[in-house]
Structure formats: C-alpha cells, structure tokens
Amino acid sequence: MSAREQVLGKAHEMLQNSSGPGGEFTGWVKLPANYDKVEFERIKGAAKKIQTDSQVLVVIGIGGSYLGARAVIELLCSHNYNLKRKGTPDVLFVGNTLSTDAVLEVMSLIGERDFSINVISKSGTTTEPAVAFRVFKGLLEAKYGKRAAAKRIYATTDKSRGALKTLADTEGYETFVVPDDIGGRYSVLTAVGLLPIAVAGVDIDKLMSGAAQAMDELAQPGLDNVGWQYAAARHALYEDGKRIEILACYEPGFRFFAEWWKQLYGESEGKDGKGLFPASVEFTADLHSMGQYIQDGHRNLFETVIHFEQPRGKLLIPTDPDNVDGLNFLAGKTLAFVNEQALRGTILAHVEGGVPNVLMTLPCIEAQSVGWFIYFFEYVCGLSGYLLGVNPFDQPGVEAYKKNMFALLGKPGYEDRKAQLEAML
Ligand code: PA5
C-alpha cells in the first residue's frame with residue numbers, strides 16, 4: 001500500500017468513525033441515511049403552505065445558513081429564478097449583508113406581495129441575520145398583525161439553545177432543527193437548505209437520494225473511490241507548491257454553487273497558516289477577464305473544471321447566406337458542442353501554460369446528481385482537511401472580525417477592546 005493510500009485510509013476512517021479532530025461535527029457523513037424523516041415531511045408541508053399563501057419567501061441567513069440553498073436553487077432552477085414566470089414563490093435572500101441599499105432593495109422587491117420568512121441561524125445570535133430578522137419581522141407584523149405574521153415565520157435553528165430558539169418558542173413560530181453535530185457549511189441537506197429549496201419546487205427526495213448514493217459509494221475505501229482521487233490530487237498539488245484552486249464551470253447557474261464550495265473549502269482548510277485558497281470563475285465569460293492571469297500569471301494555481309454534458313434544451317446555430325461574420329462553419333452545430341470545444345481548448349491551453357486541471361464530468365443538471373455532488377464535495381473537504389492536518393469542522397478565525405465589530409458598536413462587555421481599537425484607529 002502506498003504512503004498516499006495509507007494517509008487517505010486514515011482520513012477516511014476518521015470521517016467514518018467520527019474519530020478525528022472535530023469528530024463531534026461529522027453528523028453530515030451519515031445524514032443521507034439518518035436524517036429525521038418526520039421533520040423532512042414537515043419541511044415539505046411547510047413548503048407547500050408557503051407556495052400556497054406567499055408570492056415571496058424571504059430567506060434570512062449568512063454563510064452556511066445561506067449559500068447552500070441559493071447554490072441549489074440557482075443550479076437546479078436557474079440563476080434567473082426570480083425573473084422567471086413560474087408557479088413557485090420568488091426567493092429573496094437577506095441577512096447576508098449589512099448594506100443598507102441591499103436591504104432596502106429587498107423590501108421594495110417584496111412590495112405589496114404576500115410573503116413569508118424563513119430565518120436560519122444555528123447559533124441564533126449572528127448579527128447580520130438577527131438585524132435583518134428584526135427588520136423583516138417588523139414588516140410582516142405591520143402587514144398581517146402579530147398573530148398571523150407568526151404563522152408565516154419559519155425558524156431554522158438549534159433544537160434548544162440560542163436567542164432565535166427562545167424567540168421562536170415565545171412567538172409560536174414553526175421551527176426546524178440544525179442538528180448539533182452538523183456545522184453551518186455542511187448543513188445544506190438539513191432543514192437549513194431543504195426548506196427554501198423545496199419552496200422553489202426542487203424535488204428534495206431526489207436530492208437526498210443522490211446524496212445517499214454518494215454516501216454509499218464514497219464509504220468504500222480504496223483508490224477507486226473518486227473522493228479519494230480528488231482529495232489526493234488536490235493534496236499532491238498543494239504539496240507541489242500550488243496555493244490556489246480555481247473551480248471553473250461553463251454554466252452561469254453554477255455561480256452560487258461555486259460560492260458554496262468556496263465557503264466549504266476556505267473555512268474548512270484555511271487555518272494554522274495552511275490551506276489552498278478557493279477561487280472560482282464562470283467560463284467562458286471569465287476567459288475574457290481572468291483568462292490572461294490563469295494562462296500567464298503566477299504558476300501557483302490549479303483548476304477543477306466541472307462539465308455538465310447535456311444541457312436541458314437544444315440550440316442550433318443558424319445558417320446565414322451572407323456569412324458576413326464568417327460563422328457558417330458552425331452552422332447546424334449545437335451551442336452545447338461549441339461550449340464543449342471551448343472547455344476542451346481551454347483545458348489544453350491552461351495545462352500547457354502550467355496550470356494543472358482536474359476535470360469532473362456529470363451527465364446533466366438534475367436533483368439526483370446535484371445531491372450526489374454536494375455530498376461528494378463535503379466528503380472530499382473532510383478528507384482534505386485531515387490530509388492537511390487541520391480540523392476541517394471549526395472556524396476560529398471568523399471570530400476576530402466579530403469581536404472588533406461588537407466592540408466598535410458598543411456591545412456591553414467589549415468596553416476594553418473598544419478603547420484599544422479606537423486608539424488604534
Ligand atoms: O459554516 C459556518 O459555521 C458559518 O458559515 C455559519 O454558518 C455562519 O457564520 C452563520 O452562523 P449561524 O448559522 O450560527 O448564524
């Protein structure tokens with residue numbers, strides 16, 4: 001057995017047995033089999049109610065309580081989801097920013113329409129969503145009255161602790177649980193992601209079934225395990241001096257999936273002075289902006305390219321008798337064929353330019369394979385953290401900005417830090 005296989009085996013065992021650093025946060029490893037089936041049915045029921053009584057669902061959350069839902073909705077429904085004519089409510093995300101203009105814009109986008117709120121926070125105390133919840137809860141209560149508004153608020157939070165749980169119990173909101181043993185960035189397949197995703201009309205049974213398939217496949221140890229292969233490749237490249245992994249896809253709907261992936265890997269690996277910096281590009285658009293750097297800049301990059309083979313529709317390039325643009329050599333070809341040649345040509349160019357490429361091919365974009373993909377990336381992330389020698393399930397670095405922000409805002413208990421910071425400023 002090679003040294004690489006041995007370390008992968010050890011990392012794999014730590015994930016499977018919850019015996020590595022942060023093992024108390026590995027509930028997601030068996031989640032596709034062990035999830036709470038009763039709550040799952042409640043999620044579907046709540047989604048149906050929201051689809052019936054609301055034209056807009058306002059989803060309040062940040063980081064792991066935000067990106068997964070948006071990633072799946074944009075990938076499976078469309079990055080133009082809210083612009084489309086559809087039989088499901090618009091889904092507007094807030095609580096992921098402190099920008100006044102962004103929050104005001106969401107308020108005006110709701111307008112006079114009927115809406116509900118899904119407020120999501122595991123800790124129940126994160127500032128950005130807590131502030132947004134105050135604002136949008138106020139709007140909802142002004143529109144429907146306190147009692148009726150409470151029937152339109154769904155809180156996804158810890159099962160027993162935190163300010164949000166206390167508020168939900170006091171006000172009588174329907175609540176969903178973020179399991180104790182699952183951290184925010186690994187929580188998309190819990191109620192955190194599933195409720196907004198179901199409201200957008202995605203088949204969450206299929207999503208979970210794809211994840212369960214990945215769980216079974218990736219539980220098999222050995223070098224045939226595709227999770228081991230990806231983890232080994234990224235680790236070998238890191239050891240070889242690569243410092244940035246760029247996730248590239250040729251589908252605009254993938255943009256937020258890449259954002260979710262960046263949080264997953266950045267927060268899991270970027271610690272103790274180590275870790276690949278996760279970046280993303282949307283091709284072919286970014287070939288005309290970032291392509292130069294990737295081809296020719298610092299050689300500390302590698303790319304992971306995601307290719308979905310079959311688009312949902314078919315578009316043929318028309319013939320033009322005048323052929324002034326000289327494009328008749330493409331006439332009769334599908335746009336998918338052109339996109340694929342762009343992908344192939346780019347991989348060859350970038351590899352030739354000194355940027356190694358990892359290519360992942362999926363047949364098409366549908367719920368089952370997206371569920372598979374989510375679990376795959378989570379599993380590889382856990383493996384990668386252990387290969388790197390870090391705890392992939394904590395995020396101590398996130399606290400630094402929070403402490404300073406609380407101090408500058410004058411939160412009680414932060415008086416000394418406030419004085420220090422003001423002297424520094
Ligand atoms: O992955 C994580 O743990 C973080 O991104 C959290 O999800 C994020 O900070 C939001 O935390 P909370 O859900 O407690 O509001």
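## Ligand contacts

In this predicted model, a polar backbone atom of R185 lies 3.0 Å from an oxygen atom of the ligand. Taken alone, the ligand exposes 380 Å², and the protein buries 87% of that area. The backbone also takes part at K122, where an N or O atom is 2.8 Å from an oxygen atom of the ligand. At S123 the side chain is involved: one of its N or O atoms is placed 2.7 Å from a ligand oxygen atom.

The ligand is surrounded by 13 residues, the closest being S65, S121, S123, T126 and Q263. Sorted by class, this shell consists of nine polar residues, three charged residues and one nonpolar residue.

## The largest pocket

The greatest contribution comes from α16, which provides five residues. By class, the pocket lining contains 13 polar, ten charged and nine nonpolar residues, whereas the shell around the ligand includes one nonpolar residue.

## The largest cavity

The structure also holds one cavity of 30 Å³ or more. About 60 Å³ of space lies in the largest cavity. The residues that line the largest cavity are A231, R234, H235, Y238, E269, L276, S384, L387 and L388.

Two helices, α11 (226–239) and α15 (367–388), each supply at least two residues of the cavity lining. Of the contributing elements, α11 gives the most, with four residues. The class composition of the cavity lining is five nonpolar, two polar and two charged residues; in the lining of the largest pocket the corresponding counts are nine nonpolar, 13 polar and ten charged.

Notes. Residues are numbered from 1 along each chain as its sequence is written. This is a predicted model: local features need pLDDT of at least 70, side-chain atom pairs count only at pLDDT 80 or more; totals for chains, interfaces and linings use all residues. Side-chain values use heavy atoms; hydrogens and water are left out. A residue is near a molecule or strand if one of its heavy atoms lies within 4 Å of it. A polar contact is a pair of N or O atoms within 3.5 Å; within protein, one must be able to donate a hydrogen and the other to accept it, and residues adjacent in sequence count only if both atoms are side-chain atoms. Accessible areas come from the Shrake-Rupley method with a 1.4 Å probe; for residues, only the protein chains shown count as cover. Ala, Val, Leu, Ile, Met, Phe, Trp, Tyr, Cys and Pro count as nonpolar, Asp, Glu, Lys and Arg as charged, and the others, Gly among them, as polar. On a 1 Å grid over the protein atoms alone, a cavity is a set of points where a 1.4 Å probe fits but cannot get out, and a pocket is an open set with protein on both sides within 12 Å along at least five of seven lines; lining residues have an atom within 4 Å of a point. Grid points are joined across faces, edges and corners, and a volume is the space filled by probe spheres set on the points.
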